[in-house]
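User: I would like to learn how to read the features of a protein model. Please take me through this one step by step.
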Amino acid sequence: MNDAPLADLHLPDDRMPEAEVALRLAAFLLDQPKSGSMASVAIDGASIQAGELQIFDIDGFMAHGEWIQDKERPAGKNAWTGTYRRGGKTIHVHSRPGQGDVVAQVNGRHIFAECKKGPLIKKPGSPEYPLLTTALGQALLFDIARDDLVVAAVPDTATFRRLAEQWRTRPLVKRAGIQIALVSRSGTVTGLQMF
């Protein structure tokens with residue numbers, strides 16, 4: 001990410017949108033040693049825009065990270081879908097469900113991630129619990145190969161961190177091999193063991 005203030009992106013102070021979690025995770029994976037050259041990111045159009053109301057400025061967010069969108073895209077597609085490039089790396093943004101919110105390759109292993117939004121401040125009722133539960137449940141349904149890595153990704157907050165630490169040791173989570181990744185607004189990701 002460049003040094004322009006995050007406030008310029010009009011990101012909400014109290015929450016991290018799902019699109020932000022997915023795009024930050026994809027960029028992080030592409031920055032890893034031995035990463036592939038492309039990541040695929042599935043984003044629900046409703047998390048970008050609702051009618052005339054813009055919910056997440058994907059163009060501004062990607063430009064802030066120095067990702068340049070290819071100008072050519074198929075007719076009829078949303079303006080925010082398509083290919084973004086930075087150096088020799090590519091993020092392909094689409095809106096097709098069921099393939100994983102982020103799909104990338106690091107060290108020869110395919111990584112499939114289910115991403116969820118979440119609050120960045122303490123909220124009554126602990127919405128983190130159902131968000132992480134849903135991410136884990138959806139991650140169980142990926143059609144993967146034996147050596148693929150499956151990830152449930154959520155914002156890096158104290159509550160998500162506490163849940164991740166507890167749930168990583170649960171027998172069925174361990175048996176399923178699902179990793180819980182915590183994605184911070186700074187772009188760092190913790191909880192992944194890719195090698």
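Predicted model: local features only at pLDDT ≥ 70, side-chain atom pairs only at ≥ 80, totals over all residues.

User: How many bridges join E9 to E11, and do they run parallel or antiparallel?
Analyst: Strands of a sheet pair through backbone hydrogen bonds, either parallel or antiparallel. Two strands count as paired if DSSP finds at least two bridges between them. Here E9 and E11 run parallel and are joined by 5 bridges. E11 also pairs with E12 in the parallel sense, over 6 bridges; valine 150 has isoleucine 178 in E12 as its bridge partner.

User: What is the order of the strands in the open sheet?
Analyst: The sheet has 9 strands in the order E5-E6-E7-E2-E8-E9-E11-E12-E13, and its pairing is mixed. E5 and E13 (189-190) are the edge strands, each pairing on one side only. At the E13 end, E12 and E13 run antiparallel with 2 bridges, and valine 183 stands opposite valine 189 in E13.

User: Which strands form a hairpin, and how many residues lie between them?
Analyst: E6 and E7 form the hairpin, with 2 residues between them. Glycine 87 in the turn has a positive phi of about 60 degrees. The two strands run antiparallel over 5 bridges, E7 covering residues 89-94, and glycine 82 stands opposite valine 93 in E7.

User: How many residues of E11 are buried?
Analyst: Buried means under 20% relative accessible area, exposed means over 50%, and partly exposed is in between (1.4 Å probe, protein chains only). In E11, 7 of its 7 residues are buried. Over the protein chain, 47% of the 195 residues count as buried.

User: Which residues have the most contacts inside the largest nonpolar core?
Analyst: In soluble globular proteins, nonpolar side chains tend to be buried together. A nonpolar core is a set of buried Ala, Val, Leu, Ile, Met, Phe, Trp, Tyr and Cys residues joined through side-chain atoms within 4.5 Å. The largest has 40 residues, and those with the most contacts inside it are Leu23, Leu25, Leu29 and Ile58. Among the elements giving two or more residues to this core are H1 (18-30), H2 (58-64), E7 and E11 (149-155). H1 gives the most, with 10 residues. Taking contact as heavy atoms within 4.5 Å, leucine 25 touches Val102, Ala113, Cys115, Ala153, Val183, Val189 and Leu192, not counting residues up to four places away in sequence. A second, separate core has 18 residues, including Leu131, Ala139, Val154 and Ile178.

User: How many aromatic pairs does a search of the whole structure find?
Analyst: The search finds 3. Rings of Phe, Tyr and Trp (its six-membered ring) pair if their centres lie within 6.5 Å; planes under 30 degrees apart are stacked, over 60 edge-to-face, and the rest tilted. Phenylalanine 112 and phenylalanine 142 form a tilted pair, 6.1 Å centre to centre with 40 degrees between the planes. Phenylalanine 112 is in E9 and phenylalanine 142 in the loop between H3 and E11, 30 residues apart. Phenylalanine 112 is buried at 15% relative accessibility, and phenylalanine 142 at 13%. Tyrosine 129 and tryptophan 167 form an edge-to-face pair, 5.1 Å centre to centre with 85 degrees between the planes. This pair links H3 to H4, 38 residues apart.

User: Is tyrosine 129 buried or partly exposed?
Analyst: Tyrosine 129 is partly exposed, because its relative accessibility is 48%. Tryptophan 167 is buried at 7%.

Methods: Residues numbered from 1 in each chain as written. Heavy atoms only, no water. Helix = DSSP H or I, 4+ residues; strand = E, 2+ residues; numbered from the N terminus.
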